Amino acid sequence: MLDRLDQQSPDALLALIKMYEADPRDDKIDLGVGVYRTADGATPVFRAIKAAEKRLVDDQPTKAYLGPEGDMGFVHALVPHVFGDAGMRDGRIDGMQTPGGTGAVRLAVALAGKAGAQRIWMGTPSWPNHAQILADCGMEMGTFNHADADGSADMDALREVLGKAGENDAVLLHGACHNPTGVDYTNEEWDEIAALVKDRGVLPIIDLAYQGLGDGMDEDAYGLRTVLDAVPEALVAYSCDKNFGLYRDRVGALYVMGANTDDTARIMSNAASLARANWSMPPDHGGASVRIILQDEGLTGEWLAEVEEMRQRIGAVRAKLAEAGTAGAIDLTPLGAQKGMFAMLPVSKEQVQELREKHGVYMAGSGRINVAGLTMGNIDAFTNALAAVTG
Ligand code: LMR
């Protein structure tokens, strides 16, 4: 039976990790998968996480099963950071832990599908796994252009799509630090999106995977909070991969907001049964470490300072790239105003290959770079390589 399966290509983004590791050149530059790097090019475990892990090892009384919802202390401790002063909106919001942000997106799409959503709209380009998850869940995907050539969000495209969308439609929106373009909606645009989504009765699914790396923790949640203030129901997929540096520990959460507390409880019961059928329960270690941080004022302060350090460094790299102006045929100035870890460069697949093979610069085939992979020490080498390939 199994010989009927067609060969699948490896995930192109994840394949880059192995290609980069196998490259013996000392001056290679990794701008592939979205992993934050310090000014020294390292991805250390957060200081706050190390401290929390020590406490976890010393104090954890058992590793007995939790349940499909995982560590609810973790889920609730995140709430003020994600949802702000309005918190759980009088009990209309509840959540559960998921294996990474991917697990949360998967659960959100499955939940929307189970509730009868017929189509999910998504701005493109998007994180490639979004389309893959939709396809795997058997969900029809509608697309619209996310960003204009001038580097702003293409609001006309979104307006057009939402104008014809209806009650069986959902729209998947990046909360902040758009992956892959770095082009976020302005606060005024989020105000308009919230009103449009409400008017059309479209279910918003908001993917917030980079909170804190754009303009700040509260600033990056503006869109999410504004949409949630406007609509009766919403789904939020959250990731701690980047802002707690927990990539391989797979720490995420799905939050659901229903029209009232009874609805929320019913939606949660469906999320729990879908989770049980998918992964039974999420891995504990990373979520428990985040909980320990968020339940301790000192560690929370240390964590927020580490997020701020990341944000500042990404900003400095972006500013330096923008300052460079152009590299060959590539205008780098828009990168200064974009947010988060990613930017799209208008390079061809052949140029991406040449950058990798001749210059040791690794980036996604789409032309996406992980800005956080650049340091003050390798930016010039990168812009020179870009100029050599596109000039
Ligand atoms: C990325 O886009 O590079 C990250 O979100 C990692 C991943 O899982 O693709």
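Modeller: Two strands are said to pair if DSSP finds at least two bridges between them, and a strand itself is a DSSP run of E with at least two residues, while a helix is a run of H or I with at least four, both being numbered from the N terminus. Please keep in mind that this is a predicted model, in which local features need pLDDT of at least 70 and side-chain atom pairs count only at pLDDT 80 or more, whereas totals for chains, interfaces and linings use all residues. Residues are numbered from 1 along each chain as its sequence is written, and side-chain values use heavy atoms, with hydrogens and water left out.

Biologist: How many helices and strands does the chain have?

Modeller: The chain has 13 helices and 13 strands, and its C-alpha atoms fill a box of roughly 60 × 55 × 55 Å when this is taken along the principal axes.

Biologist: Which strand is joined to β3 by six bridges?

Modeller: That strand is β4, residues 140-145, which runs parallel to β3, and within this pairing Thr124 stands opposite Asn145 of β4. On the way between the two strands there is helix α5, residues 128-136, and together β3, α5 and β4 make a right-handed β-α-β unit. Right-handed here describes a path that runs clockwise from the first strand over the helix to the second, with the strands pointing away from the viewer.

Biologist: In which sense do β3 and β5 pair, and over how many bridges?

Modeller: Strand β3, residues 119-124, pairs with β5 in the parallel sense over four bridges; to find one such place in the model, look at Met122, whose bridge partner in β5 is Leu172.

Biologist: How many bridges join β5 to strand β6?

Modeller: Five bridges join β5 to β6, residues 203-208, and these two strands run parallel, with Val171 standing opposite Pro204 in β6.

Biologist: Why is β5 described as largely enclosed by the rest of the structure?

Modeller: A residue is called buried when its relative accessible area is under 20%, exposed when it is over 50%, and partly exposed in between, using a 1.4 Å probe on protein chains only. Six of the six residues of β5 are buried, so this strand is largely enclosed by the rest of the structure.

Biologist: Which residues lie on each side of β5?

Modeller: In a regular strand the side chains alternate between the two faces of the sheet. In β5, Asp169, Val171 and Leu173 are on one side and Ala170, Leu172 and His174 are on the other, and both faces are covered, because each of these residues is buried.

Biologist: Is Thr102 buried, exposed or partly exposed?

Modeller: Thr102, which is found in helix α4, is partly exposed, with a relative accessible area of 25%. If you then look for Lys349, you will find that Thr102 and Lys349 are 247 residues apart in sequence and 26 Å apart in space, C-alpha to C-alpha.
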